[in-house]
Structures are given as C-alpha cells and as structure tokens.
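Biologist: I'm new to this one. Can you put the structure up and walk me through it?

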Amino acid sequence: MIRPPILRVLSGGLLLALSLPATAQRQGEVTFYSEIAFRGQSFTVTGRRANLRVPFTVRSAKIAAGDRWEICTEARYRGRCNEVSEAQGNVAWTVRSARPA
C-alpha cells in the first residue's frame with residue numbers, strides 16, 4: 001500500500017509535502033499498479049484468485065522476496081501466463097487470474 005504524502009503548513013503559509021516510505025510487500029500477496037514504477041492505483045491479491053478483474057492495465061507489480069506468482073490473461077489460469085519471482089517495474093498486463101506458484 002502506498003501512503004499519500006503528509007502535508008504540513010509552515011510559517012508564512014508555505015505547504016510542505018512529506019512522502020512516507022511504502023510498506024513492505026507481505027508474503028503471499030501481489031500488488032498490481034496502474035502506472036510504471038509502482039505508482040498510481042493499486043490492486044492487491046492475496047492467495048489464489050481464479051477469476052478476478054483488475055480495473056486497469058497492470059503497468060507494474062510487487063511481490064515479496066522469495067515469493068513466485070503465476071499471473072494469467074484469462075480466468076482459471078488460462079491464456080498467456082507469466083511466472084514472476086521479483087518486482088516488475090514496467091509491464092503491460094491484462095490480469096484475469098493469479099496464484100502463488
């Protein structure tokens with residue numbers, strides 16, 4: 001989950017935005033992002049999902065260290081499937097099913 005920046009008003013009305021680091025990816029979940037470099041809308045999947053609709057074209061994805069995921073273009077793990085074992089920062093995927101590999 002990416003946290004929104006914290007806004008602070010300094011003396012004189014100057015606005016300062018402080019970014020907080022994103023939380024670590026948990027084991028057994030994959031998070032898809034609508035923009036490259038893990039930005040934009042996010043959609044997190046935990047465990048096997050044979051039929052899902054990510055509401056955007058996936059442009060990047062994060063998985064926990066040591067995890068592997070099978071990500072497929074059709075429901076029930078059909079169509080073109082990719083097995084990923086590390087974060088993907090610049091992709092263009094349609095995701096309709098995903099499961100730990």
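Modeller: One term before we start. Buried means under 20% relative accessible area, exposed means over 50%, and partly exposed is in between, with a 1.4 Å probe and protein chains only. Buried residues make up 29% of the 101 residues in the chain.

Biologist: What should I know about the model itself?

Modeller: It is a predicted model: local features need pLDDT of at least 70, side-chain atom pairs count only at pLDDT 80 or more, and totals for chains, interfaces and linings use all residues. Residues are numbered from 1 along each chain as its sequence is written, and side-chain values use heavy atoms, with hydrogens and water left out.

Biologist: How many helices and strands?

Modeller: Zero helices and eight strands. Both are DSSP runs numbered from the N terminus: helices are H or I with at least four residues, strands are E with at least two. Along the sequence the pattern reads β-β-β-β-β-β-β-β.

Biologist: What share of the contacts comes from residues 24 or more positions apart?

Modeller: They make up 51% of the chain's contacts with a separation of 6 or more. Contact means heavy atoms within 4.5 Å.

Biologist: New topic. Where is S97?

Modeller: S97 sits in strand β8, residues 97-100.

Biologist: Is S97 buried or exposed?

Modeller: S97 counts as buried because its relative accessibility is 0%.

Biologist: And what does S97 touch?

Modeller: Leaving out residues up to four places away in sequence, its contacts include R49, L52, E70, C72 and Y77. The S97 side chain also reaches the backbone nitrogen of Y77 at 3.0 Å.

Biologist: Which residues line the largest cavity?

Modeller: I71, C72, T73, R80, N82, W93, T94 and V95. Strands β6 (69-74) and β7 (78-84) are the elements giving two or more residues. β6 gives the most, with three.

Biologist: Last one. How many aromatic pairs?

Modeller: One. Rings of Phe, Tyr and Trp (its six-membered ring) pair if their centres lie within 6.5 Å; planes under 30 degrees apart are stacked, over 60 edge-to-face, the rest tilted. The Y33 and F38 ring centres are 6.0 Å apart with planes at 80°, so the pair is edge-to-face. Y33 and F38 are both buried.

How values were computed: Polar contact = N/O pair within 3.5 Å; in protein donor to acceptor, adjacent residues only side chain to side chain. 1 Å grid on protein atoms, 1.4 Å probe; cavity = no way out; pocket = protein on both sides within 12 Å on 5 of 7 lines; lining within 4 Å.
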